[in-house]
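Colleague: Could you take me on a close look at how the helices pack in this model? I would like to follow the picture residue by residue.

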Amino acid sequence: MYLLRLALASLANRRFTALLTIFAIALSVCLLLSVERIRTETRASFASTISGTDLIVGARSGSINLLLYSVFRIGNATNNIRWDSYRQIAEHPRVAWAVPISLGDSHRGYRVLGTTTGYFEHYRYARQTPLALLEGRRFSDDPFEVVLGAEVAAALGYGLGEEIVLAHGVASVSLVQHDDKPFRVVGILQRTGTPVDRTLHISLEGMEALHIDWQSGMPARGNARISAEQARQMDLQPRQITAILLGLDSRIATFALQREINQYRGEPLLAILPGVALQELWGLMGTAEKALFIVSLFVVLVGLVGMLTAILTSLNERRREMAILRSVGARPWHIASLLLAEAFCIALAGILLGLSLLYLGIALAQGPLQSLYGIYLPLALPSLYEWQLLGGILLAALSIGGIPAWRAYRQSLADGLSIRL
(Lines give C-alpha, C1' and ligand atoms only; values in the text may rest on other atoms or scores of the structure.)
Protein backbone atom coordinates (compact mmCIF):
# COMPACT_ATOMS: atom_id res chain seq x y z
CA MET A 1 0.00 0.00 0.00
CA TYR A 2 2.89 2.36 0.82
CA LEU A 3 4.44 1.69 -2.61
CA LEU A 4 1.08 2.37 -4.27
CA ARG A 5 0.76 5.76 -2.52
CA LEU A 6 4.34 6.56 -3.47
CA ALA A 7 3.66 5.60 -7.09
CA LEU A 8 0.59 7.85 -7.20
CA ALA A 9 2.59 10.72 -5.72
CA SER A 10 5.33 10.18 -8.30
CA LEU A 11 2.78 10.18 -11.14
CA ALA A 12 1.20 13.35 -9.75
CA ASN A 13 4.61 14.99 -9.88
CA ARG A 14 4.76 14.10 -13.62
CA ARG A 15 1.06 14.59 -14.22
CA PHE A 16 1.20 15.97 -17.76
CA THR A 17 3.18 13.05 -19.19
CA ALA A 18 1.17 10.56 -17.13
CA LEU A 19 -2.16 11.98 -18.31
CA LEU A 20 -1.09 11.83 -21.96
CA THR A 21 -0.04 8.20 -21.52
CA ILE A 22 -3.31 7.35 -19.73
CA PHE A 23 -5.31 9.03 -22.50
CA ALA A 24 -3.43 7.10 -25.20
CA ILE A 25 -4.17 3.81 -23.44
CA ALA A 26 -7.80 4.86 -22.89
CA LEU A 27 -8.29 5.55 -26.59
CA SER A 28 -6.80 2.20 -27.53
CA VAL A 29 -8.94 0.36 -24.96
CA CYS A 30 -12.04 2.22 -26.16
CA LEU A 31 -11.25 1.28 -29.76
CA LEU A 32 -10.67 -2.37 -28.89
CA LEU A 33 -13.93 -2.68 -26.92
CA SER A 34 -15.85 -0.69 -29.55
CA VAL A 35 -14.66 -3.05 -32.28
CA GLU A 36 -15.59 -6.04 -30.13
CA ARG A 37 -19.06 -4.63 -29.30
CA ILE A 38 -19.78 -3.64 -32.90
CA ARG A 39 -18.48 -7.00 -34.17
CA THR A 40 -20.70 -8.92 -31.76
CA GLU A 41 -23.79 -6.80 -32.31
CA THR A 42 -23.28 -6.62 -36.08
CA ARG A 43 -23.24 -10.40 -36.18
CA ALA A 44 -26.42 -10.48 -34.07
CA SER A 45 -28.09 -7.81 -36.25
CA PHE A 46 -26.98 -9.58 -39.43
CA ALA A 47 -28.37 -12.87 -38.10
CA SER A 48 -31.69 -11.12 -37.41
CA THR A 49 -31.94 -9.28 -40.76
CA ILE A 50 -34.99 -11.43 -41.11
CA SER A 51 -36.47 -12.60 -37.83
CA GLY A 52 -39.50 -14.71 -37.03
CA THR A 53 -39.49 -16.44 -40.43
CA ASP A 54 -39.02 -20.19 -40.04
CA LEU A 55 -38.43 -21.15 -43.68
CA ILE A 56 -37.71 -19.45 -46.99
CA VAL A 57 -38.80 -21.38 -50.07
CA GLY A 58 -37.53 -20.80 -53.59
CA ALA A 59 -36.49 -22.58 -56.74
CA ARG A 60 -33.84 -25.22 -56.19
CA SER A 61 -30.37 -23.65 -56.25
CA GLY A 62 -28.13 -22.96 -53.24
CA SER A 63 -29.07 -21.79 -49.77
CA ILE A 64 -26.92 -18.63 -49.91
CA ASN A 65 -28.19 -17.73 -53.39
CA LEU A 66 -31.79 -18.10 -52.22
CA LEU A 67 -31.04 -15.98 -49.14
CA LEU A 68 -29.31 -13.29 -51.20
CA TYR A 69 -32.13 -12.64 -53.64
CA SER A 70 -35.08 -13.19 -51.28
CA VAL A 71 -33.77 -11.21 -48.27
CA PHE A 72 -30.92 -8.98 -49.51
CA ARG A 73 -32.35 -8.38 -53.05
CA ILE A 74 -28.99 -9.37 -54.57
CA GLY A 75 -28.92 -11.45 -57.72
CA ASN A 76 -31.77 -13.32 -59.35
CA ALA A 77 -33.62 -16.58 -58.90
CA THR A 78 -32.72 -19.52 -61.11
CA ASN A 79 -36.44 -20.13 -61.66
CA ASN A 80 -39.85 -19.09 -60.38
CA ILE A 81 -42.43 -20.94 -58.28
CA ARG A 82 -45.82 -21.77 -59.77
CA TRP A 83 -48.80 -20.17 -58.02
CA ASP A 84 -50.50 -23.52 -57.42
CA SER A 85 -47.34 -24.76 -55.65
CA TYR A 86 -47.47 -21.69 -53.41
CA ARG A 87 -51.13 -22.33 -52.61
CA GLN A 88 -50.43 -25.96 -51.75
CA ILE A 89 -47.58 -25.03 -49.41
CA ALA A 90 -49.55 -22.17 -47.83
CA GLU A 91 -52.45 -24.52 -47.06
CA HIS A 92 -50.20 -27.03 -45.29
CA PRO A 93 -51.61 -27.72 -41.80
CA ARG A 94 -48.34 -26.78 -40.07
CA VAL A 95 -48.02 -23.41 -41.86
CA ALA A 96 -49.32 -20.52 -39.74
CA TRP A 97 -48.71 -17.86 -42.41
CA ALA A 98 -47.17 -17.65 -45.87
CA VAL A 99 -46.01 -14.49 -47.61
CA PRO A 100 -45.29 -14.72 -51.38
CA ILE A 101 -42.71 -12.35 -52.87
CA SER A 102 -41.98 -11.57 -56.50
CA LEU A 103 -38.86 -9.84 -57.84
CA GLY A 104 -37.75 -8.74 -61.27
CA ASP A 105 -38.22 -4.98 -61.73
CA SER A 106 -36.42 -1.96 -60.35
CA HIS A 107 -36.50 1.82 -60.08
CA ARG A 108 -33.30 3.82 -60.52
CA GLY A 109 -31.19 0.97 -59.18
CA TYR A 110 -33.50 0.02 -56.30
CA ARG A 111 -35.29 -3.35 -56.39
CA VAL A 112 -39.05 -3.67 -56.60
CA LEU A 113 -40.72 -6.32 -54.44
CA GLY A 114 -44.20 -7.60 -55.20
CA THR A 115 -45.98 -9.09 -52.20
CA THR A 116 -49.17 -9.03 -50.12
CA THR A 117 -50.16 -6.99 -47.08
CA GLY A 118 -49.16 -10.03 -45.02
CA TYR A 119 -45.57 -8.96 -45.63
CA PHE A 120 -46.07 -5.89 -43.41
CA GLU A 121 -47.78 -7.99 -40.75
CA HIS A 122 -45.33 -10.89 -40.51
CA TYR A 123 -41.91 -9.60 -41.61
CA ARG A 124 -39.67 -9.09 -38.58
CA TYR A 125 -36.10 -7.87 -38.15
CA ALA A 126 -33.68 -7.18 -35.27
CA ARG A 127 -35.12 -9.24 -32.43
CA GLN A 128 -38.70 -9.54 -33.67
CA THR A 129 -39.19 -5.84 -34.52
CA PRO A 130 -42.15 -5.36 -36.92
CA LEU A 131 -42.17 -3.03 -39.89
CA ALA A 132 -43.71 0.37 -39.17
CA LEU A 133 -44.82 3.21 -41.40
CA LEU A 134 -43.14 6.59 -41.11
CA GLU A 135 -46.01 8.18 -42.99
CA GLY A 136 -48.91 7.15 -45.20
CA ARG A 137 -50.39 3.66 -45.37
CA ARG A 138 -49.91 0.25 -46.94
CA PHE A 139 -50.97 -0.42 -50.52
CA SER A 140 -54.62 -1.40 -50.92
CA ASP A 141 -56.82 -2.86 -53.68
CA ASP A 142 -55.44 -0.46 -56.30
CA PRO A 143 -52.64 -2.39 -58.04
CA PHE A 144 -50.72 0.80 -58.86
CA GLU A 145 -49.73 1.85 -55.34
CA VAL A 146 -46.22 1.61 -53.91
CA VAL A 147 -44.74 1.73 -50.40
CA LEU A 148 -41.15 2.97 -50.29
CA GLY A 149 -38.30 1.93 -48.04
CA ALA A 150 -36.77 4.76 -46.02
CA GLU A 151 -33.53 4.93 -48.01
CA VAL A 152 -35.35 5.03 -51.35
CA ALA A 153 -37.53 7.93 -50.21
CA ALA A 154 -34.60 9.86 -48.72
CA ALA A 155 -32.15 9.28 -51.60
CA LEU A 156 -34.62 10.09 -54.39
CA GLY A 157 -36.55 12.79 -52.52
CA TYR A 158 -39.95 11.14 -52.91
CA GLY A 159 -43.00 11.98 -50.84
CA LEU A 160 -46.59 10.82 -50.59
CA GLY A 161 -48.70 11.19 -53.70
CA GLU A 162 -45.82 11.28 -56.19
CA GLU A 163 -46.02 9.18 -59.32
CA ILE A 164 -43.02 7.02 -60.24
CA VAL A 165 -42.27 4.82 -63.23
CA LEU A 166 -40.79 1.37 -62.71
CA ALA A 167 -38.30 -0.22 -65.07
CA HIS A 168 -37.96 -3.76 -66.35
CA GLY A 169 -34.91 -5.60 -65.03
CA VAL A 170 -32.57 -4.79 -62.18
CA ALA A 171 -29.95 -2.57 -63.85
CA SER A 172 -29.52 1.00 -62.59
CA VAL A 173 -30.15 2.19 -66.16
CA SER A 174 -32.90 0.34 -68.03
CA LEU A 175 -33.93 0.77 -71.65
CA VAL A 176 -37.41 -0.62 -71.00
CA GLN A 177 -39.65 1.56 -68.80
CA HIS A 178 -43.20 0.75 -67.67
CA ASP A 179 -44.10 4.37 -68.35
CA ASP A 180 -47.65 3.49 -69.39
CA LYS A 181 -48.38 2.22 -65.85
CA PRO A 182 -47.10 4.72 -63.25
CA PHE A 183 -47.34 3.95 -59.53
CA ARG A 184 -48.42 6.38 -56.81
CA VAL A 185 -46.51 6.56 -53.50
CA VAL A 186 -48.94 5.86 -50.65
CA GLY A 187 -46.55 5.04 -47.79
CA ILE A 188 -42.98 5.31 -46.55
CA LEU A 189 -41.57 2.81 -44.06
CA GLN A 190 -39.50 3.73 -41.05
CA ARG A 191 -35.78 3.07 -41.33
CA THR A 192 -34.77 -0.47 -40.35
CA GLY A 193 -31.10 -0.74 -41.30
CA THR A 194 -31.97 -3.76 -43.46
CA PRO A 195 -32.52 -4.29 -47.23
CA VAL A 196 -36.14 -3.24 -46.66
CA ASP A 197 -34.90 0.36 -46.68
CA ARG A 198 -33.66 -0.07 -50.26
CA THR A 199 -36.83 -1.68 -51.62
CA LEU A 200 -40.01 -0.47 -53.32
CA HIS A 201 -43.01 -2.57 -52.25
CA ILE A 202 -45.96 -3.14 -54.55
CA SER A 203 -48.76 -5.69 -54.59
CA LEU A 204 -48.52 -8.96 -56.50
CA GLU A 205 -51.39 -7.69 -58.62
CA GLY A 206 -49.34 -4.60 -59.44
CA MET A 207 -46.40 -6.77 -60.48
CA GLU A 208 -48.73 -8.82 -62.69
CA ALA A 209 -50.30 -5.68 -64.19
CA LEU A 210 -46.88 -4.40 -65.28
CA HIS A 211 -46.34 -7.43 -67.50
CA ILE A 212 -49.89 -8.33 -68.46
CA ASP A 213 -49.41 -7.20 -72.06
CA TRP A 214 -45.89 -8.54 -72.48
CA GLN A 215 -45.21 -11.24 -75.02
CA SER A 216 -42.03 -13.32 -75.27
CA GLY A 217 -40.26 -11.06 -72.78
CA MET A 218 -41.04 -7.85 -74.69
CA PRO A 219 -43.76 -5.19 -74.20
CA ALA A 220 -46.67 -5.11 -76.59
CA ARG A 221 -46.84 -2.43 -79.27
CA GLY A 222 -49.63 -0.29 -80.65
CA ASN A 223 -53.19 -1.43 -80.02
CA ALA A 224 -52.01 -4.54 -78.20
CA ARG A 225 -50.87 -2.45 -75.24
CA ILE A 226 -53.08 -2.54 -72.16
CA SER A 227 -53.41 0.70 -70.22
CA ALA A 228 -53.42 1.03 -66.43
CA GLU A 229 -57.22 1.60 -66.41
CA GLN A 230 -57.79 -1.51 -68.49
CA ALA A 231 -55.46 -3.53 -66.26
CA ARG A 232 -57.47 -2.55 -63.16
CA GLN A 233 -60.51 -4.26 -64.66
CA MET A 234 -58.71 -7.50 -65.47
CA ASP A 235 -57.94 -10.63 -63.50
CA LEU A 236 -54.49 -9.97 -62.03
CA GLN A 237 -54.03 -13.30 -60.31
CA PRO A 238 -50.26 -13.99 -60.47
CA ARG A 239 -49.13 -17.12 -62.25
CA GLN A 240 -45.63 -17.27 -60.75
CA ILE A 241 -43.74 -15.86 -57.78
CA THR A 242 -40.07 -15.77 -56.81
CA ALA A 243 -40.03 -17.04 -53.21
CA ILE A 244 -42.15 -17.71 -50.13
CA LEU A 245 -41.61 -16.68 -46.51
CA LEU A 246 -43.13 -19.20 -44.12
CA GLY A 247 -44.05 -19.04 -40.45
CA LEU A 248 -44.98 -22.32 -38.78
CA ASP A 249 -47.30 -23.04 -35.87
CA SER A 250 -44.49 -24.98 -34.15
CA ARG A 251 -40.72 -24.75 -34.41
CA ILE A 252 -40.59 -28.52 -33.92
CA ALA A 253 -42.17 -28.99 -37.34
CA THR A 254 -39.51 -26.91 -39.14
CA PHE A 255 -37.17 -29.70 -40.18
CA ALA A 256 -40.00 -32.06 -41.15
CA LEU A 257 -41.62 -29.44 -43.40
CA GLN A 258 -38.24 -28.44 -44.83
CA ARG A 259 -37.60 -32.05 -45.83
CA GLU A 260 -41.11 -32.34 -47.26
CA ILE A 261 -40.69 -29.21 -49.42
CA ASN A 262 -37.24 -30.28 -50.62
CA GLN A 263 -38.83 -33.54 -51.79
CA TYR A 264 -41.84 -31.78 -53.37
CA ARG A 265 -42.87 -33.62 -56.53
CA GLY A 266 -44.68 -30.77 -58.28
CA GLU A 267 -41.48 -28.86 -59.13
CA PRO A 268 -37.91 -28.64 -57.80
CA LEU A 269 -38.02 -26.44 -54.68
CA LEU A 270 -35.59 -25.60 -51.91
CA ALA A 271 -36.52 -24.67 -48.32
CA ILE A 272 -33.87 -23.11 -46.11
CA LEU A 273 -33.65 -21.98 -42.49
CA PRO A 274 -32.81 -18.27 -42.74
CA GLY A 275 -30.79 -18.25 -39.50
CA VAL A 276 -28.55 -21.08 -40.67
CA ALA A 277 -28.07 -19.53 -44.11
CA LEU A 278 -27.23 -16.16 -42.53
CA GLN A 279 -24.54 -17.79 -40.40
CA GLU A 280 -23.10 -19.45 -43.50
CA LEU A 281 -23.02 -16.10 -45.28
CA TRP A 282 -21.40 -14.41 -42.27
CA GLY A 283 -18.74 -17.12 -42.26
CA LEU A 284 -17.66 -15.95 -45.71
CA MET A 285 -16.86 -12.53 -44.22
CA GLY A 286 -15.00 -13.91 -41.18
CA THR A 287 -11.57 -12.91 -42.52
CA ALA A 288 -12.40 -9.19 -42.52
CA GLU A 289 -13.87 -9.50 -39.03
CA LYS A 290 -10.66 -11.07 -37.67
CA ALA A 291 -8.49 -8.54 -39.47
CA LEU A 292 -10.36 -5.65 -37.83
CA PHE A 293 -9.90 -7.24 -34.41
CA ILE A 294 -6.15 -7.75 -35.00
CA VAL A 295 -5.76 -4.09 -36.03
CA SER A 296 -7.44 -2.97 -32.79
CA LEU A 297 -5.08 -5.22 -30.79
CA PHE A 298 -2.11 -3.52 -32.44
CA VAL A 299 -3.58 -0.15 -31.46
CA VAL A 300 -3.62 -1.32 -27.82
CA LEU A 301 -0.03 -2.48 -28.20
CA VAL A 302 0.94 0.98 -29.50
CA GLY A 303 -0.68 2.53 -26.40
CA LEU A 304 1.27 0.23 -24.09
CA VAL A 305 4.52 0.92 -25.95
CA GLY A 306 3.81 4.61 -25.41
CA MET A 307 3.58 3.91 -21.69
CA LEU A 308 6.90 2.04 -21.84
CA THR A 309 8.51 4.94 -23.68
CA ALA A 310 7.24 7.48 -21.14
CA ILE A 311 8.55 5.49 -18.17
CA LEU A 312 11.91 4.69 -19.78
CA THR A 313 12.42 8.32 -20.80
CA SER A 314 11.93 9.49 -17.24
CA LEU A 315 14.32 6.95 -15.70
CA ASN A 316 17.50 8.99 -16.08
CA GLU A 317 15.73 12.11 -14.81
CA ARG A 318 14.58 10.22 -11.72
CA ARG A 319 17.92 8.79 -10.63
CA ARG A 320 18.14 11.47 -7.96
CA GLU A 321 14.69 10.52 -6.71
CA MET A 322 15.73 6.87 -6.52
CA ALA A 323 18.98 7.78 -4.77
CA ILE A 324 16.98 9.62 -2.11
CA LEU A 325 14.76 6.56 -1.69
CA ARG A 326 17.85 4.39 -1.32
CA SER A 327 19.26 6.77 1.29
CA VAL A 328 16.18 6.37 3.48
CA GLY A 329 16.41 2.56 3.36
CA ALA A 330 14.66 1.50 0.13
CA ARG A 331 15.99 -1.70 -1.39
CA PRO A 332 16.55 -2.13 -5.16
CA TRP A 333 13.47 -4.37 -5.37
CA HIS A 334 11.48 -1.55 -3.73
CA ILE A 335 12.52 0.69 -6.62
CA ALA A 336 11.56 -1.99 -9.17
CA SER A 337 8.23 -2.51 -7.44
CA LEU A 338 7.62 1.24 -7.57
CA LEU A 339 8.00 1.23 -11.36
CA LEU A 340 5.67 -1.78 -11.65
CA ALA A 341 3.11 -0.01 -9.46
CA GLU A 342 3.30 3.06 -11.70
CA ALA A 343 2.74 0.93 -14.80
CA PHE A 344 -0.21 -0.75 -13.07
CA CYS A 345 -1.76 2.59 -12.08
CA ILE A 346 -1.35 4.05 -15.58
CA ALA A 347 -2.85 0.97 -17.24
CA LEU A 348 -5.74 0.75 -14.75
CA ALA A 349 -6.53 4.45 -15.15
CA GLY A 350 -6.38 4.04 -18.94
CA ILE A 351 -8.76 1.06 -18.81
CA LEU A 352 -11.25 2.91 -16.59
CA LEU A 353 -11.12 6.01 -18.78
CA GLY A 354 -11.45 3.82 -21.89
CA LEU A 355 -14.59 2.18 -20.44
CA SER A 356 -16.02 5.63 -19.68
CA LEU A 357 -15.35 6.78 -23.24
CA LEU A 358 -16.93 3.58 -24.58
CA TYR A 359 -20.19 4.04 -22.67
CA LEU A 360 -20.30 7.74 -23.53
CA GLY A 361 -19.87 6.87 -27.20
CA ILE A 362 -22.57 4.18 -27.03
CA ALA A 363 -25.00 6.59 -25.36
CA LEU A 364 -24.44 9.18 -28.09
CA ALA A 365 -24.38 6.80 -31.08
CA GLN A 366 -26.97 4.24 -30.00
CA GLY A 367 -29.92 5.88 -31.75
CA PRO A 368 -28.20 6.74 -35.06
CA LEU A 369 -26.56 3.31 -35.32
CA GLN A 370 -29.87 1.53 -34.88
CA SER A 371 -31.83 3.75 -37.26
CA LEU A 372 -29.18 3.98 -40.00
CA TYR A 373 -27.52 0.56 -39.85
CA GLY A 374 -29.85 -1.62 -37.76
CA ILE A 375 -27.10 -2.21 -35.16
CA TYR A 376 -28.25 -2.02 -31.55
CA LEU A 377 -25.48 -1.43 -29.00
CA PRO A 378 -26.80 -2.00 -25.46
CA LEU A 379 -25.48 -0.06 -22.47
CA ALA A 380 -24.58 -3.32 -20.73
CA LEU A 381 -21.76 -4.30 -18.41
CA PRO A 382 -18.69 -5.81 -20.10
CA SER A 383 -19.14 -9.44 -21.05
CA LEU A 384 -16.90 -12.20 -19.72
CA TYR A 385 -14.84 -12.06 -22.91
CA GLU A 386 -14.44 -8.29 -22.59
CA TRP A 387 -13.32 -8.67 -18.96
CA GLN A 388 -10.76 -11.19 -20.20
CA LEU A 389 -9.53 -8.67 -22.78
CA LEU A 390 -9.19 -5.99 -20.10
CA GLY A 391 -7.39 -8.41 -17.82
CA GLY A 392 -5.05 -9.28 -20.68
CA ILE A 393 -4.31 -5.57 -21.23
CA LEU A 394 -3.51 -5.13 -17.52
CA LEU A 395 -1.19 -8.15 -17.53
CA ALA A 396 0.47 -6.89 -20.72
CA ALA A 397 1.02 -3.51 -19.05
CA LEU A 398 2.66 -5.18 -16.05
CA SER A 399 4.83 -7.28 -18.36
CA ILE A 400 5.91 -4.22 -20.32
CA GLY A 401 6.39 -2.32 -17.05
CA GLY A 402 8.84 -5.03 -16.05
CA ILE A 403 11.38 -3.63 -18.58
CA PRO A 404 11.84 -0.21 -16.89
CA ALA A 405 11.50 -1.89 -13.49
CA TRP A 406 14.45 -4.15 -14.28
CA ARG A 407 16.50 -1.21 -15.55
CA ALA A 408 15.65 0.80 -12.44
CA TYR A 409 16.65 -2.18 -10.30
CA ARG A 410 20.05 -2.42 -12.04
CA GLN A 411 20.65 1.32 -11.90
CA SER A 412 19.65 1.50 -8.25
CA LEU A 413 21.93 -1.40 -7.40
CA ALA A 414 24.83 0.18 -9.30
CA ASP A 415 24.24 3.59 -7.71
CA GLY A 416 24.14 1.98 -4.26
CA LEU A 417 27.48 0.22 -4.81
CA SER A 418 29.28 3.21 -6.32
CA ILE A 419 31.60 5.32 -4.12
CA ARG A 420 31.05 9.07 -4.36
CA LEU A 421 33.77 11.43 -3.07
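**A close look at the helix packing**

Modeller: Of the 421 residues in the chain, 47% count as buried (under 20% relative accessible area with a 1.4 Å probe and protein chains only; exposed is over 50%, partly exposed in between). This is a predicted model, where local features need pLDDT of at least 70 and side-chain atom pairs count only at pLDDT 80 or more, while totals for chains, interfaces and linings use all residues. Residues are numbered from 1 along each chain as its sequence is written, and side-chain values use heavy atoms, leaving out hydrogens and water.

The chain holds 14 helices and 17 strands (DSSP runs numbered from the N terminus: H or I of at least four residues, E of at least two). Among its contacts (heavy atoms within 4.5 Å) between residues at least 6 apart in sequence, 77% join residues at least 24 apart.

Let us begin with H2, the helix of residues 15-47. Thr 21 belongs to this helix, and Thr 21 is buried because its relative accessible area is 8%. Leaving aside residues up to four places away in sequence, Thr 21 touches Gly 306, Met 307, Ala 310 and Ile 346.

H2 also packs on helix H10, residues 274-284, at an angle of about 140° with the axes 9 Å apart (axes are lines fitted to C-alpha atoms over the stretch in contact, with angles from 0 to 180 degrees between N-to-C directions). The two helices are therefore oblique to each other (under 35 degrees is roughly parallel, over 145 roughly antiparallel, 65 to 115 roughly perpendicular, the rest oblique). On the H2 side, Arg 39, Thr 42, Arg 43, Phe 46 and Ala 47 make the contact, and H10 contributes Leu 278, Gln 279, Leu 281 and Trp 282.

H10 has another helix to meet. H3 and H10 pack at an angle of about 100°, their axes 9 Å apart, so H3 is roughly perpendicular to H10. Ser 63, Ile 64, Leu 67 and Leu 68 of H3 meet Pro 274, Ala 277, Leu 278, Glu 280, Leu 281 and Leu 284 of H10.

Follow the chain on from H3 and you come to Arg 73, in the loop between helix H3 (63-70) and strand E2 (81-82). Arg 73 has a positive phi of about 60°, though it is not a glycine. With a relative accessibility of 7%, Arg 73 counts as buried.

In H4, the buried residues are Trp 83, Ser 85, Tyr 86, Ile 89 and Ala 90. Down the helix axis these residues fall within an arc of 160°, so they line one face of H4 (the arc is that of the directions from the axis to the C-beta atoms). In H9, residues 254-262, the buried residues are Thr 254, Leu 257, Gln 258 and Ile 261. Their arc is only 105°, which puts them on the same side of H9. The buried residues of H9 pack against H4 (83-90) and against strands E1 (55-59), E3 (95-107), E16 (243-248) and E17 (269-272).
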